[in-house]
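Dear colleague,

Please find below the structure that I am handing over to you. My findings follow directly after it.

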Amino acid sequence: MFHASSSVLAPRREEAPGLRPKKQRRVKKENRTQPPVDLPYIPLRQNLTMKSSDKTVDIFEGITLRELAKRTGATVGALQDIVINVGEDVDSEFDPVSIYVAELVAMEVGVNVRRLHSDEGAVLQPRPAVVTVMGHVDHGKTSLLDALRQTSVAAKEAGGITQHLGAFVVEMPSGASITFLDTPGHAAFSAMRARGAAITDIIVLVVAADDGVMPQTLEAVAHAKAANVPIVVAINKCDKPAADPERVRIQLGSEGLMLEDLGGDIQVIEVSAMSKVGLDKLEEALLLQAELMDLKARTDGPAQAYVVEARLDRGRGPLATAIVKSGTLVCGNYVVVGAEWGRIRALRDMVGQVTESARPAMPVEIEGLRGLPMAGDDVVVVDSEERARMLSNGRKKNVEKDRLMKANEVRIDTEDISEEVPVRVELPIVVKADVQGTVQAVTDALRSLNSAQVFVNIVHVGVGPISQSDVDLAQACGACIVGFNIRSPPSAISLAATHANISICVHQVIYHLLEEMGNLIVEKAPGTLETQVAGEAEVLNIFVLKGRSKSKGPDVKIAGCRVLDGRFIKSATLRLLRSGEVVFEGMCASLKREKQDVEAVGKGSDCGLVIQDCDDFQIGDVIQCLEQVNRKPKFVSSDSGAVRIVC
């Protein structure tokens with residue numbers, strides 16, 4: 001019998017080193033047939049990746065690898081290896097891949113993507129119009145919507161002003177339905193208004209007849225023009241005695257809006273939310289504009305939606321308010337919302353009733369996400385949990401990379417500013433709010449209070465009430481906690497914050513919050529030292545103190561003066577002027593009144609003073625008392641609600 005020991009077979013294994021790699025490839029091929037459960041987002045070998053760039057490519061559902069290779073600049077072979085690595089089977093470069101797999105591949109090669117949703121070949125059906133109400137603060141936007149839907153939301157808002165982005169469907173008396181977005185008018189909520197303009201079909205520009213065109217009115221016009229959205233002007237408060245609709249028309253025409261009264265195509269409706277005048281004409285104008293636009297959308301297939309608001313509920317977890325753009329959003333779908341993912345556990349309409357599906361232009365509240373998305377994120381439906389997790393992980397890596405790049409830019413800017421102004425203190429802040437949109441608005445408003453003397457550093461933002469972890473974080477970095485539109489913290493947390501010497505600022509109105517934080521920043525600022533004239537005196541006589549011993553120095557000249565304005569302080573610096581020119585400047589060595597040493601002399605009093613190392617006095621000279629004043633910056637708030645720190 002043939003016998004071979006391990007020592008005899010060992011050289012044969014060394015002579016055939018290719019046997020082991022073949023075995024590994026065979027095992028890897030067998031693993032491809034297994035479902036990619038918990039498949040990690042594995043970074044590829046260096047030769048398959050490209051350097052990260054700012055290039056952005058358009059992708060769509062069913063894009064081929066060959067087309068994706070042309071757009072990204074990578075080779076087809078490299079893209080095939082990436083697709084295999086994420087658990088997909090592709091036989092040819094002409095095989096279509098799903099849009100989320102294309103996004104994963106593009107992220108691997110280091111390019112940014114922009115999703116294109118095509119409705120080619122789909123059956124398009126009419127859909128309701130999405131109308132965004134915009135305008136200046138306190139011009140009656142929410143009151144106008146209250147009149148349309150017979151509710152009172154403005155009365156429930158803190159301070160009587162809207163501070164959230166609200167979405168709801170209004171059934172018109174004619175039977176048609178319109179989806180309305182109500183945007184806040186305060187200057188701090190500019191990002192919310194931009195999100196509203198990005199998703200809307202028609203913008204209703206509300207202008208108060210007694211107030212006219214204001215800064216946020218012009219900003220709303222700019223958002224509408226940037227989004228290429230038609231405008232319908234509603235002149236509100238026409239029932240007031242000081243109302244002047246013609247002046248509003250002239251102001252809007254001077255801003256470049258082609259109104260119908262001036263030969264343009266922008267409809268102008270005079271309404272009154274309080275007396276409910278002109279609401280039927282506004283409804284007709286909106287329905288006419290929607291009919292001219294011929295709004296249609298795909299109703300079958302996976303849905304695409306847009307997040308307008310997100311909040312954290314104690315009982316139900318992360319909740320996202322979204323408006324469906326196309327398709328049908330069904331309860332039970334796996335979705336990826338920005339960098340977060342989840343399975344839809346429940347869909348609720350704006351009344352709070354549970355619904356099984358949502359069709360285009362319908363606002364719904366999505367429940368079942370694993371994390372809190374950002375307002376403005378897209379909602380993408382995927383076919384499985386594994387794909388949702390992989391796409392979410394890839395996006396989180398991109399978000400973290402962008403965050404680090406922005407932090408680095410902020411650090412560089414801070415270093416540049418610190419070179420110009422040596423004294424600059426840091427004010428760390430922890431921001432908590434009720435919904436994601438207001439978190440962003442408050443954060444942007446606080447960052448606008450940055451100045452050359454105080455750097456506002458937002459160390460943490462979150463949605464929900466103030467917790468013990470927020471207090472611990474604030475104590476670790478010496479921050480103050482800002483809460484907006486949330487309930488006051490429990491007594492235990494307030495007591496812990498007091499013991500840790502942490503300031504908690506909770507407000508329901510954005511005006512009051514920015515005012516308190518502005519005053520805190522002014523108090524925190526080190527200020528700048530300025531020299532100012534505290535008093536002025538005229539030399540009336542000169543006295544010479546003679547007969548001093550050698551140990552006490554030479555003779556001393558004393559200027560007999562009368563204080564003409566202000567006061568003189570013994571510890572101040574004195575400036576000697578003759579014919580308007582500076583002769584000498586030095587410290588006050590002695591200040592006396594009637595042979596008594598005094599610390600200060602007021603206006604109209606006579607005194608004798610000695611300037612250190614100066615004996616060149618003449619009758620008629622002017623002596624100024626100089627003092628250093630620490631001048632603090634000022635908190636300035638404009639009529640439009642914009643705030644800033646002026647140094």
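The model is predicted, with a mean pLDDT of 79 for the protein, and 81% of its residues reach 70 or more. Two stretches call for caution. Over residues 1–33 the pLDDT is below 50, and this stretch has two contacts in the model beyond near neighbours in sequence. Residues 417–422 likewise have a pLDDT below 50, with two contacts beyond near neighbours in sequence.

As to the overall architecture, the protein contains 15 helices and 36 strands. Of its 647 residues, 44% are buried. When contacts between residues at least 6 apart in sequence are considered, 71% of them join residues at least 24 apart. The protein exposes about 33000 Å², and carbon and sulfur atoms supply 50% of that area.

I also examined one helix, α12, which comprises residues 436–447. Its 12 residues should span 16 Å at 1.5 Å a residue, and the distance of 17 Å between its end C-alpha atoms agrees with this. How much of α12 is buried? Nine of its 12 residues are buried, that is, under 20% relative accessible area, and α12 is therefore largely enclosed by the rest of the structure. The buried residues of α12 are Gln436, Gly437, Thr438 and Val439, together with Ala441, Val442, Thr443, Ala445 and Leu446.

With kind regards

Definitions and conventions. Residues are numbered from 1 along each chain as its sequence is written. This is a predicted model: local features need pLDDT of at least 70, side-chain atom pairs count only at pLDDT 80 or more; totals for chains, interfaces and linings use all residues. Side-chain values use heavy atoms; hydrogens and water are left out. Helices (H or I, at least four residues) and strands (E, at least two) are DSSP runs, numbered from the N terminus. The expected span of a helix is 1.5 Å times one less than its number of residues. Buried means under 20% relative accessible area, exposed over 50%, partly exposed in between (1.4 Å probe, protein chains only). pLDDT is the predictor's confidence in each residue, from 0 to 100. Contact means heavy atoms within 4.5 Å. Accessible areas come from the Shrake-Rupley method with a 1.4 Å probe; for residues, only the protein chains shown count as cover.
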